[in-house]
Amino acid sequence: MLPFLLRRAFSSVIVIFCVISITFVLARITKGGPFDKEKEPPPHIKEALLTRYKLNGTVWDQYTAYVGSLVRFDLGLSTRYRDWRVSELLQQKMPNSFALGTLAFVIASFSGVFLGSLAAMKKDTWIDRSAMFGALLSISIPSFISGPFLIAIFALWLGWLPVGGWGTASQMILPALCLAAPYIAYVARLMRNSLLDVLKSDFLRTARAKGLTETQAVARHAIKVAILPVVTFLGPLAAHLLTGSMIVESVFNISGAGMIFVNSIQNRDVFLLGGAVIVYCVLLVLFNLFVDVIYTLLDKRIKLYA
Amino acid sequence: MPEVAAPASIARPDGWQVLKRNRSALIALGFLAGLSLIAVVVPVLLPEELKLTSSNSFVPPSAAHFLGTDVNGQDMLYRLLSGARVSLGVGLVGALISLVIGTLYGMISGYAGGRIDGVMMRTVEVLQSVPRILFIMILIAALDDYVKEWIDGWRLSAQARNWSDLAKTISDVKPYSKVLVMIVSLGLVEWLTMARIVRGQVLVLREMTFVTASRAMGQSPWGVLRRHLLPNLSTIILTYLTLTIPAVILDESFLSFLGLGIEDPAASWGSLLKDGAQVINPLESKWWLLVFPALLMSASLLALNFLGDGLRDAFDPKSGE
């Protein structure tokens, strides 16, 4: 296990490094610097600003200065929100996105596994057909369509839930559902196909032969094997939820990391953009690693290799 | 050079028949064909005054404007159909670009095998672990200003040579430059799945006797790839093309909804939905701005997914039932 973790950690650091490099270079060769958007400052002030943020000289000089500060775990200063460190901004905004993502993750994985298993056990009945049609439907309705409609129906028309914001439990229901909906469908489809394969296998026939009911056989024996493809999907799922939350944050007016990301591109806020990209990548890498470890714990036949 | 006849297809021979029996996939195909035709033809036929901005903003659906008007007083039917042109066009061309890259990459990787295959597939794994939508956003922001500057440069040089027609065409085209940028950026990042699928198929195909025979007769690697592997890959490529189109359309509208994609005066379903979502308020419902783009986009994505699933059931040897 340890050599595997070390090798993965090493390759992850390289991946993150490449992503940061490409992001920084792309952001700096983009037309319009961070100080060009507002009223053009006098040349000597602009020069002083560029010096303060270490953004003068060639792109290579700026890049080495940035990497140098990253190595010292310094994410730099935001060029847009003056006097704010990037790390402070991220600390302030990340928890909201993280809570939203986690909530949607739990909803998507649990209800997806449940619905998928139900559909597989009732194969070719109306339950199966309506669940699978519902799944295709919710895959085809992206969150920027379902979001405004959920607001219109549940907040404006019925008045049951608040329109937006973040903090109370009632404010979390709509955004989390909206973010989770397509992924409930992906998980359910995956679970259904996988369970259908497992239901045909010999060990399940044995389980039935020794007198277990179908539900008992599925709950005690089949789920454990059938859930493996779903576990491999959890890594990509986390990635989708991280980026998907940008839309949901903008629809429900939640102040989170997704909005930071979008705004920092528009404001040419190089360091904030870099910081956000780093956080995203680190989260993703950690999560994929976590999924791989879980996978071996669930299935003893799999050996970790890197 | 002697030729070895390749079998017509090694996928299940009854693939097209399976597809013909799949009623929902056929309905989906018909819907998409009809929509594409309408999106291309109808905007040309609509009277010119409907297409221009006017002072009649936010008119509800009526006899003059079937689907109402938007904030600029433009007819929603026209906006919706030109949005369909952009969205479907970006989806199709972006998916085609990713098809070319993915197919070439997968074929080379699978056919070369060994160390080259290992490096190429490890690269794909690394790229898959990068949040690609973030990449697209940064890439689009970086490319967009350069493309706009080039277009301005061409317009100026056309004016300098007194080609006023060309200069006018160029300035008409300028608002659509972002469409081009998005097609290229999305095509450049969406090819990973295609590459993996194609490689998997090539690994199977290259062990077949007709490939060995062709190689033994002195056919070059490129010749084998083009004459023997590509024809046998065509159905699976078609299947994953159909599944990539909705993915590209979703990415495009995702970006446009966030204000990083298609901008006025060009429209796409995502930018129309953004405009619709902005005017939601409890006092005055401008439902037509939201409902029509939402319906058309969901129906199109549903149709594409139905068709893709149908094709996969018919042609993908790995899709279980």
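Me: Where does α10(A) bend, and by about how much?
Reply: In this predicted model, α10(A) bends by about 35° at Leu234(A), and a proline, Pro236(A), follows within four residues.

Me: And what is the span of α10(A) from its first C-alpha to its last?
Reply: The 24 residues of α10(A) reach 34 Å between those two atoms, which is close to the 34 Å expected at 1.5 Å a residue.

Me: What follows α10(A)?
Reply: The helix is followed by Asn253(A), a residue whose phi is positive, near 55°.

Me: Switching to chain B, is α12(B) mostly covered or mostly open?
Reply: Helix α12 of chain B, residues 269–278, is mostly covered, with nine of its ten residues buried. Among those buried residues are Trp269(B), Leu272(B) and Leu273(B), and the list also includes Lys274(B) and Asp275(B).

Me: What covers them?
Reply: The cover includes elements from both chains, namely α6 (143–157) and α10 (228–251) of chain A, together with α4 (76–112), α11 (221–257) and α13 (288–315) of chain B.

Me: How many helices and strands does chain B have, then?
Reply: Chain B comes to 13 helices and zero strands. Of its 321 residues, 42% count as buried, and its C-alpha atoms fill a box of roughly 75 × 55 × 35 Å along the principal axes.

Me: How much of the contact in chain B joins residues at least 24 apart?
Reply: If you take the contacts between residues at least 6 apart in sequence, 72% of them join residues at least 24 apart.

Me: Back to α6(A): at what angle does it pack with α7(A)?
Reply: α6(A) and α7(A), the latter covering residues 169–199, pack at an angle of about 145° with their axes 9 Å apart, and α6(A) passes α7(A) in a right-handed crossing. The contact includes Leu150(A), Ile151(A) and Phe154(A) of α6(A), and Leu174(A), Cys178(A) and Leu179(A) are among the residues on the α7(A) side.

Me: What classes of residue make that contact?
Reply: By class, the contact of α6(A) with α7(A) has seven nonpolar and three polar residues, and no charged ones.

Me: One more residue: why does Ala104(A) count as buried?
Reply: Ala104(A), which is found in helix α4 (residues 86–121) of chain A, counts as buried because it has 27 C-beta neighbours inside 10 Å, where 20 or more are needed.

Me: Which residues does Ala104(A) touch?
Reply: Leaving out residues up to four places away in sequence, Ala104(A) touches Ala176(A), Leu179(A), Ala180(A) and Leu241(A). Ala104(A) also lies 9.5 Å from Ile173(A), C-alpha to C-alpha, although 69 residues separate the two in sequence.

Key: Residues are numbered from 1 along each chain as its sequence is written. Chains are lettered from A and ligands numbered from 1 in the order in which they are written. This is a predicted model: local features need pLDDT of at least 70, side-chain atom pairs count only at pLDDT 80 or more; totals for chains, interfaces and linings use all residues. A residue is buried if 20 or more other C-beta atoms lie within 10 Å of its own, exposed if 12 or fewer, and partly exposed in between; C-beta atoms are placed from the backbone. Two residues are in contact if their C-beta atoms, placed from the backbone, lie within 7 Å. The expected span of a helix is 1.5 Å times one less than its number of residues. The bend at a residue is the angle between axes fitted to the seven residues ending there and the seven starting there. Axes are lines fitted to C-alpha atoms, for helices over the stretch in contact, and angles run from 0 to 180 degrees between N-to-C directions. A crossing is left-handed if the near helix is turned anticlockwise from the far one by less than a right angle, and right-handed if clockwise. Ala, Val, Leu, Ile, Met, Phe, Trp, Tyr, Cys and Pro count as nonpolar, Asp, Glu, Lys and Arg as charged, and the others, Gly among them, as polar.
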